[in-house]
Amino acid sequence: MGKEESPKLPKSVLRHLEPGERVLFSIKKKISLEKPKWLLVTDRRIIYLDEKVLGRYDLKALPYQKLEQVTVKLGVMSSEFIIEGEENITLRLGWMNKEEARKAINAIKDALNAIAVEPVSIEVKKGLTSETWILKKPKEFVTRTMPAYQPAQPVAKEEKEDPLEKLKKLKELYDMGVISPEEYEEKRKKLLEEI
């Protein structure tokens, strides 16, 4: 199975990756005569791709901010991988074997831990013939990424103050006796050079 974990990604996935987005883990599974199905874990989201014939495909992407829970149910005969997100988004993947499912949920946990301030944990329930792994995103999911919007710094406005206004203020300070004649002349010459 080692070769299946880092297969060459299809063009349909590559065209949907955002600039700078890195694929951390991928699983490709070919079921009977169908085109392959993919699960990709990137540094920003989980992507599911179901390739179809004649270049068609279904792609679903779930950003980590909208992820709520990942559940893996491992039975004797089959496994089920369930990804649940906000807005009633649910992906059910029944085609992974036990080892692939374990690696996939750990890859999602590692990707979340790389951006989450608080660590994400996995709950494991082991029965006689089954095993259930549950990863829940913390209620307060705060990430280390910077917000897209940065407010303007008020300092920049002060730096661009008109030199003539500064001269007027300097003269007022001199007239009030706050600064000496030497200080006034020195600062006045500097302000005149800015004009």
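# Close-up views of a predicted protein model

Figure 1. The protein has 1 aromatic pair. It is formed by Y174 and Y184, whose rings lie 4.5 Å apart from centre to centre, with 25° between their planes. The pair is classed as stacked because planes under 30 degrees apart fall into that class. Y174 belongs to helix α4 (residues 163-176) and Y184 to helix α5 (residues 181-194), so the pair ties together parts that are 10 residues apart in sequence.

**Figure 2. The protein as a setting for the close-up views.** The protein contains 5 helices and 9 strands. Along the sequence, these elements follow the pattern α-β-β-β-β-β-β-β-α-β-β-α-α-α. The protein has 195 residues, of which 34% count as buried. Among contacts with a separation of 6 or more, 46% are between residues 24 or more positions apart.

**Figure 3. The open sheet of β1, β2, β3 and β4.** These 4 strands form an open sheet in the order β1-β2-β3-β4, with antiparallel pairing. Its edge strands are β1 (23-29) and β4 (57-63), each of which pairs on one side only. From one strand to the next, the twist averages 10°. Within this sheet, β1 is joined to strand β2 (residues 37-42) by 6 bridges in the antiparallel sense.

**Figure 4. Helix α2 across the strands β1, β2 and β3.** Helix α2 (residues 98-115) lies across β1, β2 and β3 (45-51). The direction of α2 is at about 160° to that of β1. The helix has 18 residues, and the span from its first C-alpha to its last is 27 Å. This span is close to the 26 Å expected at 1.5 Å a residue.

**Figure 5. The buried face of helix α2.** The buried residues of α2 are E100, A101, A104, I105, A107, I108, A111, L112 and I115. Seen down the helix axis, the buried residues of α2 fall within an arc of 155°, so they line one face of the helix.

**Figure 6. The hairpin of β8 and β9.** Strand β8 (residues 122-126) and strand β9 (residues 131-136) run antiparallel and are joined by 5 bridges. The hairpin between β8 and β9 passes through 4 residues. V124 has W133 as its bridge partner in β9, while K126 has E131 as its partner in β9.

**Figure 7. The pairing of β5 with β9.** Strand β9 also takes part in a pairing with strand β5 (residues 67-74). The two strands pair in the antiparallel sense over 6 bridges. Here, the bridge partner of Q69 in β9 is K136.

Definitions and conventions. Residues are numbered from 1 along each chain as its sequence is written. This is a predicted model: local features need pLDDT of at least 70, side-chain atom pairs count only at pLDDT 80 or more; totals for chains, interfaces and linings use all residues. Side-chain values use heavy atoms; hydrogens and water are left out. Two strands pair if DSSP finds at least two bridges between them. Axes are lines fitted to C-alpha atoms, for helices over the stretch in contact, and angles run from 0 to 180 degrees between N-to-C directions. Contact means heavy atoms within 4.5 Å. The expected span of a helix is 1.5 Å times one less than its number of residues. Buried means under 20% relative accessible area, exposed over 50%, partly exposed in between (1.4 Å probe, protein chains only). The arc is that of the directions from the helix axis to the C-beta atoms. Rings of Phe, Tyr and Trp (its six-membered ring) pair if their centres lie within 6.5 Å; planes under 30 degrees apart count as stacked, over 60 as edge-to-face and the rest as tilted.
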